[in-house]
Amino acid sequence: MSTNPPDLRPDIAPAARLGGHARPGQPTIGMVSLGCPKALVDSERILTRLRAEGYAISPDYAGADAVIVNTCGFLDSAKAESLEAIGEALAENGRVIVTGCLGAEPDHIRQHHPRILAVTGPHQYEQVLDAVHVAVPPSPDPFVDLLPETGVKLTPRHYSYLKISEGCNHKCRFCIIPDMRGRLVSRRADSVLREAERLVGAGVRELLVISQDTSAYGLDRKHERAPWKGRNPRSHITDLAHELGRLGAWIRLHYIYPYPHVRELVPLMADPASGVLPYLDVPFQHAHPATLGRMARPAAAAKTLEEIAAWRAICPDLALRSTFIVGYPGETEAEFQTLLDWLDEAQLDRVGCFQYENVAGARSNALPGHVAADVKQDRWERFMERAQAVSAAKLAARVGRTVRAIVDDVDAQAATCRTMADAPEIDGNLFIDTGFETLKPGDIVSVQVDEAGDYDLWGRLA
Ligand code: SF4
C-alpha cells in the first residue's frame, strides 16, 4: 500500500497538531506511521491512548524517548519501505518499537534490525502500550493527566482485575473465544507487574488475575524472563504469582486448569505471608472423561480428584471454585451421575452451573444427541441441590472460627465483606451487622463467624 501523504504522517506532522510541547520530565514518544488508512487509524488510537496516559508526542526523532514505527507489510515494496523506516528510526533515535502488519513477521524484522526493543503485530494495541511502558515508563501528573493512575476502572476502587494474557490455544467445542480473540498472547511479566504495582499504589487492596487460561500464561513467550526489581521472573504463572504477592495486596487467581505445574502454585497459597490467596478457580466443566472428551477440554485426562487431594494436602484451607455445564450433547444419565458422585467427593467450596446452549459458530452445535430442555432443567436442579448441600456444610464448619475479610460496601444496616474464599460478584458474602460503623470499603479485618447460611456468613469484628 502507499505511504500516507507527508502531512498525515505523525512523525513529521506539525507539532501544533500533536497537542503542544512536552513539559519537563514528561515521557515522550515519536511515531512513524506507514501504510494504509487503517494503519493510520491504528496509529491515532495508539497516540490517543498514550496522550491520555500522560505521554507527550514528539514531532521529531530528537525529542522522543522512543519511537514507534507502525509498519505495512502488504507488498514487498511496502515491506522494504517499512524496514527502511525502522532503520532510519534506529539511526536517528536508537530506541524503536515496531508494530503493524509487518509485525506479524518478527523474525524477519529482527534479522534486519536486531536492536529493536519490541515487535507487536497488527491491531495489538495493548501489547504496543505494554512495550512503551517498558521502554519509557509513564510518569503520571495528577494535575494535568486525563486518566487516574489506575486508568478508568469499572470495579470499585479497592479491587481490580488484572489481565495477563489474551486469547487461547485450546479448542473446546462449545467455545468460540479462540475464533474471536485468537491464540494465546501473553503480556510481559514486568509489564503486568508494573500495572499491578500502580494499582496497589493507587489504593487497590485485591487483584483478581484473569485471562482465558491463566495456567498457560507465558507459553507463547517460552516463559522468557524479564527484569523486575533486581530479579528476573519468568513469564510463568508461578513466578508471576510470587512477584504479585510481594506487592502487599490480596492476589486471587482465576481460570486455572489442572495442569501438573499448578502443584507449584499451591505452596504459595498455603503461606499466609505470600499474599496469594488460598483460592483456586478451576473451570472443570464436567467430570466424566467421555463428556470432557466430547467437549475437547484441556487436561481432559487429568485425574482431577487426585489433583484436588494433592492440593489440599499442601493447603488444607484451599477454597476451590468451579463452573460446570450440564446437558452437554450426548450426556447420558450415567455420565451425569458420575458428575454428581464426583461433586460429592470433590467437596468444592463454590460452584456455578449452566445448562448447555448452542452458541453461533460453536462446533458442539453439530454434535449428535442434544439433550431435551426438560432433562437439562432436571439435571441442573439436581446438580444445584447437591452443590448447595456441600456449600452449606462447608460454611457451617466455619462457624466459631476467626477469618480475614475485605470490606466491599457499608450501608446503614451492615458491612458487606468477603472472606479469602470469596471472589467478588460470583461467590458469597460475609455480613457484619453490629459494630461496623467505622469500617470502609477496602478495609481488611478479622471477623469471628457466628452464623452460616447456604452461601453466606454472618459475624462480628474480632
Ligand atoms: S473454554 Fe476452552 S477454548 Fe474457550 S477460552 Fe476456555 S480453554 Fe479456551
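**Entry 1. Conventions**

I note that this is a predicted model, in which local features need pLDDT of at least 70, side-chain atom pairs count only at pLDDT 80 or more, and totals for chains, interfaces and linings use all residues. Residues are numbered from 1 along each chain as its sequence is written.

**Entry 2. Overall dimensions**

I looked up the extent of the C-alpha trace, which spans about 70 × 60 × 35 Å along its principal axes. The radius of gyration, taken over C-alpha atoms, is compared with a globule rule of 2.2 Å times the number of residues to the power 0.38. For 462 residues a compact globule would have a value near 23 Å, and the protein has 25 Å, which agrees.

I count a residue as buried if 20 or more other C-beta atoms lie within 10 Å of its own, as exposed if 12 or fewer do, and as partly exposed in between, with C-beta atoms placed from the backbone. By this criterion 39% of the 462 residues are buried.

Helices (H or I, at least four residues) and strands (E, at least two) are DSSP runs, numbered from the N terminus. I find 12 helices and 18 strands.

**Entry 3. The open sheet**

Strands of a sheet pair through backbone hydrogen bonds, either parallel or antiparallel. I record two strands as paired if DSSP finds at least two bridges between them. An open sheet of 5 strands has the order E2-E1-E3-E4-E5, and its pairing is parallel. Strand E2 (56–58) and strand E5 (118–119) stand at the edges with a single partner strand each, so one side of each lacks a neighbour in the sheet.

I then examined the E1 to E2 pairing. Strand E1 (residues 28–33) runs parallel to E2, and 3 bridges join them. Gly-30 has Ser-58 of E2 as its bridge partner. These two residues are 28 residues apart in sequence and 4.8 Å apart in space, C-alpha to C-alpha. Ser-58 is buried, with 23 other C-beta atoms within 10 Å. Leaving aside neighbours within four places in sequence, Ser-58 is in contact with Thr-28, Ile-29, Gly-30, Gly-63 and Ala-64.

**Entry 4. Strand E9 and its partners**

Why is strand E9 (residues 206–210) largely enclosed by the rest of the structure? I found that 4 of its 5 residues are buried, so the strand is largely enclosed. Strand E6 (residues 159–163) pairs with E9 in the parallel sense over 5 bridges, and Tyr-159 has Glu-206 of E9 as its bridge partner. E9 also pairs in the parallel sense with strand E10 (residues 250–253), over 4 bridges. Here Glu-206 stands opposite Trp-250 in E10. The chain crosses from E9 through helix H7 (residues 237–245) to E10, and this β-α-β crossover is right-handed: with the strands pointing away from the viewer, the path from the first strand over the helix to the second runs clockwise.

I checked the cover of H7 and found 9 of its 9 residues buried. The buried residues of H7 pack against helix H6 (189–201), E9, E10, H8 and strand E11 (276–281).

**Entry 5. Positive phi values**

Which residue in the loop between E9 and H7 did I note? Lys-222 lies there. Lys-222 has phi near 55°, a positive value in a residue other than glycine. With 8 C-beta neighbours inside 10 Å, Lys-222 counts as exposed.

Tyr-255, in the loop between E10 and helix H8 (262–270), has phi near 60°, also a positive value in a residue other than glycine. Tyr-255 is partly exposed, with 18 other C-beta atoms within 10 Å.

**Entry 6. Arg-350**

I located Arg-350 in strand E13 (residues 350–355). Arg-350 is buried, with 22 other C-beta atoms within 10 Å. Not counting residues up to four places away in sequence, Arg-350 touches Ala-319, Arg-321, Ser-391 and Asp-427. Arg-350 and Asp-427 are 77 residues apart in sequence and 6.6 Å apart in space, C-alpha to C-alpha.

How values were computed
Contact = placed C-beta atoms within 7 Å.
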